[in-house]
Amino acid sequence: MVTMADVARQARVSVSTVSHVINGTRFVKEETRKLVLAAIKDSGYTHNTIAKSLVSGSTQTIGLAISAITNVYFADIVSAIEVEVSRAGYTLLLADTHDDPAKELHVVEALHQRRVDGVLLAPATGPDGDALRYLGDLGVPAVLVDRCASGAFDQVGTENIEATARLTAHLAEQGHRRIAMISGRTGLSTSDERVHGYRTGLERSGLARDDQLVTTGGSNAEEAERAVRGLLDLDDPPTALVVANNHMTIGAMRTLGQLGVRVPEDVALVAFDDFEWAAHFRPRLTTMAQPIQEIGAQAVQLLLARIGDPRRPAQTVRLGPRFMHRESCGCTQGAGQASPAQRGRA
């Protein structure tokens, strides 16, 4: 391995001069600096950032533990976070949790062992999950992303309850009385909040609650397909669906098409999460679009603030989604319009 001393010998300068060039800790004449840089390039020297971190206490890296491969929404979140992390002069280390609690704990431990300065996490569990306990017990600077599972941590996500209530009430305004909900995976904070919002929308619309009309789609397309078939097999099937994420929406639409059920003529549909193809379905999908870029930026900013001041009070940030009014809800008045996002803090 090429050392700093090797570079110094090749450039015919002192080791301290090489160190000052690499770290920018003291002015070095331009001619000398060029000699050092040329020696670094010729020798293939790589600066030992881990050794530097032992001195500075910072690796300038941030760990992100998220289910990035299986969810397009989270892939977009990763992109937004990476932009903000780079802007702040940090490097992002990404680990996929696959939304599995055991895997989640493993990757959080691995990121911490690699001396990341802080962790961004989309938790796969509630407030008592092992990964959250690990972060809390060891005092690792952390921010929860999308899933606001514990007020003990800084966290940023979308406002889910009022947004889902609006989607539900919108269907009721079109005359629907049998409105079903395909919820996300059981145990996720976003799933619980969106079911709460659905029930709030029913209550505000004067509709009775029927637990047969609430079923889980497991946050994926395959389980959502089975959920749709189960709902349509009811003695009194729904005439409208509220679907709680993008993957399940794709599964629901696929199954409705296979069964010859027309949207919105036979069954109306609205969904949480806007995505690239939502405006290209036939019919175009009425959705709640989450502010992905803002979520990513806010998460990084909260984490940097936490790294800078570990004693600051925990903060929860809720960002308002955008109502994308298209045709799958069954109405054309106002379709194609989007209401402005509202920001809220709790």
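The following questions and answers concern a predicted model.

Reader: How many helices and strands are there in the protein, and how many residues?
Author: The secondary structure consists of twelve helices and 13 strands. Of the residues, 52% are buried. The total from which that share is taken is 346 residues.

Reader: What share of the contacts with a separation of 6 or more comes from residues 24 or more positions apart?
Author: Contacts here are counted at a separation of 6 or more. Among these, residues 24 or more positions apart account for 68%.

Reader: Is Arg 147 buried or exposed?
Author: Arg 147 sits in the loop between β4 (142–145) and β5 (154–158). Its relative accessibility is 5%. Buried means under 20%, so Arg 147 counts as buried.

Reader: Which backbone oxygen does the side chain of Arg 147 reach?
Author: Leaving aside neighbours within four places in sequence, Arg 147 is in contact with several residues, including Phe 74, Asp 99, Gln 155 and Leu 188. Pro 123 is also one of these contacts. At 3.1 Å, the side chain of Arg 147 reaches the backbone oxygen of Pro 123.

Reader: Where do Arg 133 and Asp 130 lie?
Author: Arg 133 and Asp 130 form a salt bridge, with the closest N and O atoms 2.8 Å apart. The two are three residues apart, about one turn of the helix. Both lie in helix α7 (residues 130–138).

Reader: How many residues apart are Glu 193 and Arg 318?
Author: The side chains of Glu 193 and Arg 318 meet in a salt bridge at 2.6 Å, N to O. This pair links distant parts of the chain, with Glu 193 in helix α9 (residues 189–204) and Arg 318 in strand β11 (residues 316–319). Both residues are buried. Their separation is 125 residues.

How values were computed:
Residues numbered from 1 in each chain as written. Predicted model: local features only at pLDDT ≥ 70, side-chain atom pairs only at ≥ 80, totals over all residues. Heavy atoms only, no water. Helix = DSSP H or I, 4+ residues; strand = E, 2+ residues; numbered from the N terminus. Buried < 20%, exposed > 50% of the residue type's maximum accessible area, 1.4 Å probe, protein only. Polar contact = N/O pair within 3.5 Å; in protein donor to acceptor, adjacent residues only side chain to side chain. Contact = heavy atoms within 4.5 Å. Salt bridge = Lys/Arg side-chain N within 4 Å of Asp/Glu carboxyl O.
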